[in-house]
Amino acid sequence: MINITINDRKIEVPEGTTILNAAKKVGINIPTLCYLEGLQEPGSCRMCVVEVEKAATLQPSCVTVVSEGMKIYTNTKRVREARKIILELLLSDHPWECNTCDRNQDCELQKLAEEHGIKEVRFQSVKERLPLDESTPGIVRDPNKCILCRRCVTVCQEVQEVTTLAPRARGFNTIIAPGAGDLLSEAVCVQCGQCSAVCPVGAISEKNDIDKVWEALDNPDKLVVVQTAPAIRAALGECFGLEPGTLVKGRMTAALRILGFDRVFDTNFAADLTILEEGTELLARLKKVLVEKDKKVALPMFTSCSPGWINYMEYFYPELIPNVSTCKSPQQMFGAIAKTYYADKIGKKKEDLVVVSVMPCTAKKFECEREEMKSSGVKDVDYVLTTRELGKMIKQAGIDFVNLPDEEMDAPLGISTGAADIFANTGGVMEAALRTVYEIVTGRELPFNGLHVTPIQGLAGVKEASLKIEGTKEEWRFLEGVVLNVAVAHGLGNAKKMIEELKSGKKQYHFVEIMACPGGCIGGGGQPRLTTDEVRKARIQAVYKEDEGREYRKSHENPALKVLYEEFLGEPLGERSHHLLHTKYFNKKDGTI
Amino acid sequence: MMVKKNIAQILVGIDSNTVLSGARKVKTKLITEISKQGLSDQIAVIETGSIGPVNKGVVIGIYPTGEIYGNMSEEDVAEFVQERLVKGRPYKKRLLPERLPLEVDLSTYDPRRTQYVGRIVLDNCGRINPEDIEEYIGVGGYEALGIALKEKTPQEIISLVRDSGLRGRGGAGFPTGLKWSFAAREKETPKYVICNADEGEPGTFKDRLIMEGDPHKILEGMAICGYAIGANTGYIYIRGEYQLSIQRLKKAIEDAEKLGLLGQNIFGTDFNFEVKIKIGAGSYVCGEETALLNSMEGFRGEPRLKPPYPAESGFLSKPTNVNNVETLANVAPIILKGAEWFRKFGTEDSPGTKVYTILGQINRPGLIEVPMGITLREIIYDYAGGISTGEFKMVQLGGTAGDILSAELLDLPLDYKSLQEVGHNLGSGAILIMNESVSVVDLLKCGMKFFVHESCGRCSVCRIGTRQMYESFQRLEKKIAYPDELENIEELAKGLKLTAFCPLGQSVATPVLSALKYFKAELSEGIKPHKIYKPAVRNQSRAEIIYS
Amino acid sequence: MTVKEIVKRYGNKRENLLQILHDLQNQSPQKYLNKKDLEILSEEMKIPLSDIVGTASFYSMFSFTPRGKYLIRICESPPCHLLGAPAIFKVIESKLGIKEGETTPDGLFTLEGTSCLGICGVAPAMMINEEAYGNLTEEKISQILDQIREKESKR
């Protein structure tokens, strides 16, 4: 332990603690802008400087580690003046458009300016305005608002390891830019939106589709149905000041009805559907490899729910295309079913049905624009809102969200199981699949306490589990005694590590789940800011709680699904499924299919 | 291997400055003329590095008499040979007041006297042919490396360097022996020795002339450092613009390798040391040692967080020692002649000499090596020959990031301690001397433009602060500055000094704060004496504020 | 040499990037780094394109736009500034009819300002390609530019 004093108060902290974290323990929040917990801190914004006795200059507290006997002052005249200067400098070229900015009242720079009593900016603006980058469906960049904190660069390069964004030029002319040009669309970008989730100001955000959704809601000729992803209910509350990890499924349903959606459905329904299709696909692949020795069938099979991962795979590992499950993501399965099965059921033309998704994700905005996602004949999903956008819509409508009563979702596409809930977490899709596959094969429940495959839960980057299949039913005898090896990776940097190990032959798996975002969808690029590991854990915990409280916890038990197969689809991997629920991928490295 | 014995030698300074004036042509002409007179076996024409005076065209020296001639043209040569070499009379038309540095007699040497002409770093510059390793060996070159490898332990070398009191000549003045000991104690291998030859400080070109004039001395210093800290690889990181230096260093490395003075089993010991060259691509910040490491590794040349220091985790995350060219040039002489000898030069706190480039409105601009502790007045009036036109007004000490000082500081001794006591720095070794025709605002504005261009852009305060100061200086120049402009500049400069990420960002404040201290009255003339009408709605930055 | 050959010559380790970029630019007749080459380089060195562009753009010696056959770089740092660099700029600008950063329509000259070239001893100074020129005056500049023009017209 190290003894230090902060503002003359003695405190003992573990070795290696930064001044920033030590100060938190005595109730002092030092302001930061570039700091991102747990990541390599650049120490570049200089907002967090403090006075350290005997040091000639002020020290950045986010990267300065305490040493024995250190005397720290966080609020001296020199510190206050320095922070003020830095804020004024940052504001000098920052557009003064707070009222009309996407981040109004949710902006870290605005908050700091308020806290530090900035009443006037002595420095005049000298930068020329740069054009907006609205070239991609998911993300909008406004380089004028950028304060060059480089958080986006850190997540893009070090967490996701995609490196779309990099600092370009130097000095006053430095910008954060994509690829070799000026537009995201001309660069290799997987649209994961992690950059938008960490931006402290309005420089990177999701493309705003709120007005389009209002327009659809206002149109009396349209029936507007909404689906919400499993990760929304564990995070939406944060938009209204509720603690991370507060489950708001009931209040969210009520709010969506008040907003005017004609049917409040659930992506969870489609998540259960995904498990049936994907689980069956896995078993079919296993059979072809193990029994028929079919060399054309590839293992391991990779999940396909995460559109960021799909984009990444198409750009960086197109050789894995045969390995990726042909299942569409739950969002797109929902759209396809809604515009065919459900539209028929209620006697509406698919053209008059509008499907709106609420997703924790910016890549979903990209996904619904893909040409392959029109299997109903029209766009299967019309608009995608992020969690943050839904929060804004609810505020626009003046809804007192926190005090809403709980309501139930509509049948039949609002009916789901606990297995669908956990799609929101890293490891969740795998666990849900195993719950169903194991039971199909053996007729018994998955032999894990509470149905939780604990080795693949949690925030470790790459997780593995092995499951010995015993006591198989007659038709699945070929699986008797087979040890099923599965793995889970979240965050594309971790995915890359795992894939490289697979390719080198160091590891062998049957089934792999990959989520583009750290923590899975609960840590998606469209979730309320700022998603720290602490927040991830809280959301994950909430999701498991939701799962455990359910009557049905396995996808194949979903009663609405049974009806769907009976009335419409026939069987998993059947012809209708093939047409509506499965897709193909493209090699974006050299442009071949 | 001795210097070829002739009765006399004509030294022709071939460096980046003199080549522009046709030094190579003059050299050829000298050889033909001397040959015509049948003097070839008595008088040798030798190519050497910078002899000292700059901006005096082609400069040649005569050894051993010591006189120096400048502005020599091809047309002068025949007459010069006739007058000086045949008839033995000084060739007055081109004679310069400077003299070649000759051997030092330490018994009569007074470190405070400026008549001193002996040199440590530049000892061979202008005396030997830098492209001939035999000549370097002839004047005792690589002897220090031999002694180090055969007679001393690495620890003894470090102690010797520490005892000499040598401090880093790149600007910060950190004790060199101590720095070496940090890298030496690291267990991790391989280790690296890096010579920082990214001399980018405007007005400074001492390292260039050292490299051009005596490249082997740097290689020898690096090898000794490598032996001391346990490194087998050295890199010279050099500016892309320094073509002649690169060329001469490359040749020096090749020659040393041929003679086994670099490479495997040097002097028959088990010590191996190779030197490689890395070429920069135009960035001032890369002179900062951690930025230099990033650049060497092929990244943007932005400074790294410290700690860890390079000694612990430097090039490719391995223990690394980075020294400036001039620092390394001091090493071999210290090993050869001892710490005691070295301490006879300079002051108690700052032993040794310092190489300066002196420029500006003075009679004799040039490259000088003088003991630490001599005063600006001595440099200007004894070495630089006084002010060329007008009156002395100010001096910028240590390059564009250096202090701007007024006449009141002329008698301050130039050494690390004395300067520190009054809050100033020695800087890189550039001394820019200016008369009353130069305006402080113009100097500051031009300097700030340089910083705006060269700021790496990583930390907010340097990235935006330099630009805003540049705007301020422009307003001051146009005499439309705000009433509180100077206070704002001062606050901004202090902010930079206190919070910038790297030493270079912090040093941007140096010229600004010293100018505000000594030339406030002149700077105030740029303020427009009008009231500000503050806007009623404070949602505007100052661009919109209306002046009456 | 092709991009591949240059990479092979130095090895595809990151620390060789600057040297490789130097070679790439030097062999380009228009003295710049073109996007096609950088894309191949990105593939060969396994460095993302944005990173290569971000790194190269940090250094003032690299250009992403085509430049003239003769690259004139005038030192703008204080020692040269005080001894007349601004006037040198004006002379060249009027003689060539281009501003800083521009290239003459015949593709012969590009004019750039630069930080200290380290030949302050002969300030004001400039470099044209690898060649340095010092103690510049209006006459001297005219002479230098005329010589180049003459040489070029004979080709």
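Predicted model: local features only at pLDDT ≥ 70, side-chain atom pairs only at ≥ 80, totals over all residues.
Residues are numbered from 1 along each chain as its sequence is written, chains are lettered from A and ligands numbered from 1 in the order in which they are written, and side-chain values use heavy atoms, with hydrogens and water left out.

Q: At what angle do helix 8 and helix 10 of chain B pack?
A: Helices (H or I, at least four residues) and strands (E, at least two) are DSSP runs, numbered from the N terminus. Axes are lines fitted to C-alpha atoms, for helices over the stretch in contact, and angles run from 0 to 180 degrees between N-to-C directions. Helix 8 (residues 206-213) and helix 10 (residues 243-258) of chain B have axes 8 Å apart and pack at an angle of about 35 degrees.

Q: How many residues of helix 8 of chain B are buried?
A: Buried means under 20% relative accessible area, exposed over 50%, and partly exposed in between (1.4 Å probe, protein chains only). The buried residues of helix 8 of chain B include B:Lys206, B:Asp207 and B:Arg208. Helix 8 of chain B is mostly covered, and its buried residues number eight of eight.

Q: Which residue in strand 3 of chain B is the bridge partner of B:Gln9?
A: Two strands pair if DSSP finds at least two bridges between them. An open sheet of chain B, with mixed pairing, has five strands in the order 2-1-3-4-5. Strand 1 (residues 8-13) and strand 3 (residues 60-63) of chain B pair in the antiparallel sense over four bridges. In strand 3 of chain B, the partner of B:Gln9 is B:Tyr63.

Q: Where in chain C is confidence highest?
A: The predictor's confidence in each residue is its pLDDT, from 0 to 100. Chain C averages 93, and 100% of the residues score at least 70. The lowest mean, 87, belongs to strand 4 (residues 131-133) of chain C, and the highest, 97, to helix 4 (residues 49-56) of chain C.

Q: Is C:Met45 buried or exposed?
A: C:Met45 lies in helix 3 (residues 35-45) of chain C. Not counting residues up to four places away in sequence, C:Met45 touches several residues, among them C:Val7, C:Leu17 and C:Ile20. With a relative accessible area of 4%, C:Met45 is buried.

How values were computed: Contact = heavy atoms within 4.5 Å.
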